[in-house]
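Open your viewer and have the selection tool ready. We will take this one stop at a time.

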Amino acid sequence: YWQGSLKANPTSATAVGDRRYDDHLEDITPAGLAAENQRLAGVLAKARAIDAATLTPADRLTLGALIEEVEGQLANASCHDEDWVVDPLGGPQVGLLNLPDITTVESVAEGRKFVARLKAVGGCLDAHIANLRAGNQGGAAVDNGKLDKVFAIHQSNQVAGVFMPVRSHQAAHFPTAQVKADMGMLLQRCGGQVGGQVAEDIHHG
């Protein structure tokens with residue numbers, strides 16, 4: 001369960017000190033989310049198949065906690081938050097700009113992984129946009145109050161324009177040119193921490 005969770009949540013892995021997935025971002029595409037749900041369902045099936053009577057009290061407690069955790073994750077996934085939730089505190093407008101804060105670069109190899117992660121930001125934004133569009137077209141409504149807070153965060157960070165207003169029963173529109181401009185701004189901010197070891201990679205990336 002844990003190793004699969006680290007692989008499925010690479011930025012969380014980086015934050016807890018596991019550097020194996022530093023060149024990846026979370027796969028929030030429908031296919032990626034479906035694969036993660038399938039993995040969790042498999043973990044749950046294996047956990048439920050274990051005879052708790054054969055375990056020590058400590059292991060029974062661990063098994064029960066695991067089952068409850070995975071059931072909760074699958075229940076949350078069934079809500080398809082990716083289709084309608086705009087998060088002022090934990091959305092991409094915050095998380096992506098925090099990448100330098102969770103990443104240390106002490107070697108060329110680590111720097112190149114970080115650059116690869118930055119180059120994946122565009123695809124990550126595209127996936128967020130596609131999910132919200134799909135939800136909007138399916139009738140999902142975004143909380144306008146949270147949407148306004150996201151706009152305020154964008155303005156304070158000078159990363160405006162990634163999201164355009166998403167209102168109930170209206171199509172969402174996201175300007176590709178603006179996303180590219182915002183990506184450049186993100187790379188500029190992150191580049192200072194990567195340092196001279198990979199500065200050329202970032203300049204040309």
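At what angle do the axes of α3 and α4 cross? Select both helices (DSSP runs of H or I, at least four residues, numbered from the N terminus). Their axes come within 10 Å and cross at roughly 150°. Axes here are lines fitted to C-alpha atoms over the stretch in contact, with angles from 0 to 180 degrees between N-to-C directions. The angle makes α3 roughly antiparallel to α4, a term for angles over 145 degrees.

This is a predicted model: local features need pLDDT of at least 70, side-chain atom pairs need 80 or more, and totals for chains, interfaces and linings use all residues. Residues are numbered from 1 along each chain as its sequence is written, and side-chain values use heavy atoms, without hydrogens or water.

Now show side chains. In α3, pick residues including Leu 40, Val 43 and Leu 44; they belong to the contact with α4, where Leu 63, Ile 67 and Val 70 are among the partners. Contact means heavy atoms within 4.5 Å. The residues of this contact divide into 11 nonpolar, 2 polar and 2 charged.

Next, the largest pocket, with about 1,600 Å³ of space. A pocket is an open set of points on a 1 Å grid over the protein atoms alone, where a 1.4 Å probe fits, with protein on both sides within 12 Å along at least five of seven lines; lining residues have an atom within 4 Å of a point. Select Asn 9, Glu 26, Ile 28, Leu 33 and His 128, the closest to its centre of 50 lining residues. Finally, return to α3: it gives the most to this lining, with 9 residues.

Technical notes. Points joined across faces, edges and corners; volume = space filled by probe spheres on them. Helix = DSSP H or I, 4+ residues; strand = E, 2+ residues; numbered from the N terminus. Parallel < 35°, antiparallel > 145°, perpendicular 65-115°, else oblique. Nonpolar A, V, L, I, M, F, W, Y, C, P; charged D, E, K, R; others polar.
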